Amino acid sequence: MESFEAQTCPQCGGALGQTQGQALVVCPFCNAELKRQLTAIESTERVLQRREEVMPTVERLMARYTSHFIAGDKQGALRMMEAVQYLTLSMTYEVDELSEREAMATPFVKDTAKQLGVEYVPPHRREEAVTHAYVEKLLETKVSFLQEA
Ligand SMILES: [Zn+2]
């Protein structure tokens with residue numbers, strides 16, 4: 001049996017109760033913050049849960065991508081794919097904020113830019129950060145030359 005499966009706080013020995021599915025457990029007795037290694041099944045469940053949360057946004061971004069692309073606005077299209085890339089990475093790699101994934105996302109977005117035949121300037125170089133708020137704002141922005149569906 002793993003030490004943590006014994007469900008006691010390694011700091012004070014208090015009973016931790018149910019810890020299944022929790023990556024961070026706070027001891028109710030001494031308030032110690034204890035990192036817990038998720039089991040393979042728990043990790044998979046979390047990925048699937050995040051995927052469910054993220055997919056509606058990804059679909060909206062993909063629709064925007066198509067609109068921009070059809071309108072010949074390749075930079076606009078690239079912005080949508082950039083956001084898609086960050087969200088896709090956030091499904092597998094849990095992060096507090098999407099911007100933490102910039103180093104991972106940039107090569108993928110660069111590839112997309114190459115396919116579109118445009119230059120890609122990563123967020124930090126254009127003094128922006130791809131965050132959840134940024135993505136929301138991106139989706140709120142009207143595509144002026146297009147009829148919104
Ligand atoms: Zn404790």
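1. Helix α1, residues 40-70, contains 31 residues and reaches 42 Å from its first C-alpha to its last, close to the 45 Å expected at 1.5 Å a residue, where the expected span is 1.5 Å times one less than the number of residues. Helices (H or I, at least four residues) and strands (E, at least two) are DSSP runs, numbered from the N terminus. A kink of about 40° lies at Val54 in α1, shortly before the proline Pro56; the bend at a residue is the angle between axes fitted to the seven residues ending there and the seven starting there.

2. On provenance, this is a predicted model, in which local features need pLDDT of at least 70 and side-chain atom pairs count only at pLDDT 80 or more, while totals for chains, interfaces and linings use all residues. Residues are numbered from 1 along each chain as its sequence is written.

3. As to overall organisation, the protein chain comes to four helices and two strands, following the pattern β-β-α-α-α-α when read along the sequence. The chain is divided into domain 1 (1-37) and domain 2 (40-140), with bounds that come from an automatic or database domain assignment, and the centres of the two domains, taken over C-alpha atoms, are separated by 35 Å.

4. Along the principal axes, the C-alpha atoms fill a box of roughly 65 × 30 × 25 Å.

5. Turning to burial, 15% of the 149 residues of the protein chain count as buried; a residue is buried if 20 or more other C-beta atoms lie within 10 Å of its own, exposed if 12 or fewer, and partly exposed in between, with C-beta atoms placed from the backbone. Among contacts between residues at least 6 apart in sequence, 41% join residues at least 24 apart, two residues being in contact if their C-beta atoms, placed from the backbone, lie within 7 Å.

6. In α1 the buried residues are Leu61, Arg64, Tyr65 and His68, and the buried residues of this helix pack against α2 (74-92) and α4 (132-140). Just after α1, Gly72 takes a positive phi of about 85°.

7. Leaving aside its neighbours within four places in sequence, Met80 is in contact with Leu61, Arg64, Tyr65 and His68.

8. Ala77, in helix α2, is buried because 22 other C-beta atoms lie within 10 Å, and, residues up to four places away in sequence not being counted, Ala77 touches Tyr65, His68, Phe69 and Leu116. Thr112, in helix α3, is partly exposed, with 18 other C-beta atoms within 10 Å, and on the same exclusion of residues up to four places away Thr112 touches Leu78 and Met81. Ala77 and Thr112 are 35 residues apart in sequence and 9.8 Å apart in space, C-alpha to C-alpha.

9. Most residues other than glycine have a negative phi. Asn31, however, has a positive phi of about 60° although it is not a glycine; Asn31 is placed in the loop between β1 (24-26) and β2 (33-35) and counts as exposed because it has 10 C-beta neighbours inside 10 Å. Glu127, likewise not a glycine, has a positive phi of about 55°; Glu127 lies in the loop between α3 (102-116) and α4 and counts as exposed, with 7 C-beta neighbours inside 10 Å.
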